[in-house]
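Subject: Structure for your review

Dear colleague,

Please find below the structure that I am handing over to you. I would ask you to keep it open while you read the findings that follow it.

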Amino acid sequence: MTQAMDDRQIRLDRMRYVKNKASSRLCYLGILLNVLYFVSIYKSDVASWYYQILVGGSIVYNLLFMLVVFLASEGVKNYQKGYSYLLFAVGAMQVARIFILPSQAHKAVVKISGTETVVMQNPQYWFVVACLALSAACLIAAGYINLHKSRILEAHISALKTAS
């Protein structure tokens, strides 16, 4: 019994010196999935449908998304709780994005040389929806893991202070 307690104490003590790699790597995976999403969207060129302010806003959002999530990935490495809440919010925004540009492009029909063409075909639509949903899942998981680990570390550090 004491060996198991000693091992747990060592694991907890190591958290003070070892980075939170799991949350950080999930953030990087969330960024990668977002990159796949916007490459798929921006390589599309169906008539002039993509030449609108919504796409411009989406480009700006993607840049901000990558900067914010990279910053959060650095913050969660050091078990900073505040970045967990940021990741929850950004993950929720990824889910909301499914219903904006991809949804509108999937429903839109344009005429090209007299033929009606759907702006975003089903395979591309499901691919970008999967990218956004998986990106959101990665970010929310990263936030949850960091929140859980940071609470454990805080409790351990306060226990060490009261023991001294």
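Helix 2 passes helix 6 in a left-handed crossing. Please note that the model is a predicted one. Helix 2 covers residues 21-42 and helix 6 covers residues 122-163. Their axes lie 8 Å apart, and the two helices pack at an angle of about 165°. Angles over 145 degrees count as roughly antiparallel, and helix 2 and helix 6 are therefore roughly antiparallel to each other.

Ser40 is placed in helix 2, and its relative accessibility is 6%. The limit for a buried residue is under 20%, so Ser40 counts as buried. Which residues does Ser40 touch, if those up to four places away in sequence are not counted? They are Gln124, Phe127 and Val128.

Helix 6 has a further partner to examine, helix 4. Helix 4 comprises residues 82-97. The axes of helix 4 and helix 6 come within 8 Å and cross at roughly 165°. That angle makes helix 4 roughly antiparallel to helix 6. The crossing of helix 4 with helix 6 is left-handed. On the side of helix 4, the residues in contact include Tyr85, Phe88, Val95 and Arg97; on the side of helix 6, they include Leu132, Leu139, Tyr144 and Arg151. The residues of this contact divide into 12 nonpolar, 6 polar and 2 charged.

Tyr79 is found in the loop between helix 3 (53-77) and helix 4. Its phi is near 60°, which is a positive value in a residue other than glycine. Ser113 lies in the loop between strand 1 (109-112) and strand 2 (115-118). The phi of Ser113 is near 55°, again a positive value in a residue that is not glycine.

Ser113, by contrast, has a relative accessible area of 77% and is exposed, the limit for an exposed residue being over 50%.

Yours sincerely,

A colleague

Technical notes: Residues are numbered from 1 along each chain as its sequence is written. This is a predicted model: local features need pLDDT of at least 70, side-chain atom pairs count only at pLDDT 80 or more; totals for chains, interfaces and linings use all residues. Side-chain values use heavy atoms; hydrogens and water are left out. Axes are lines fitted to C-alpha atoms, for helices over the stretch in contact, and angles run from 0 to 180 degrees between N-to-C directions. Helices (H or I, at least four residues) and strands (E, at least two) are DSSP runs, numbered from the N terminus. Angles under 35 degrees count as roughly parallel, over 145 as roughly antiparallel, 65 to 115 as roughly perpendicular and the rest as oblique. A crossing is left-handed if the near helix is turned anticlockwise from the far one by less than a right angle, and right-handed if clockwise. Buried means under 20% relative accessible area, exposed over 50%, partly exposed in between (1.4 Å probe, protein chains only). Contact means heavy atoms within 4.5 Å. Ala, Val, Leu, Ile, Met, Phe, Trp, Tyr, Cys and Pro count as nonpolar, Asp, Glu, Lys and Arg as charged, and the others, Gly among them, as polar.
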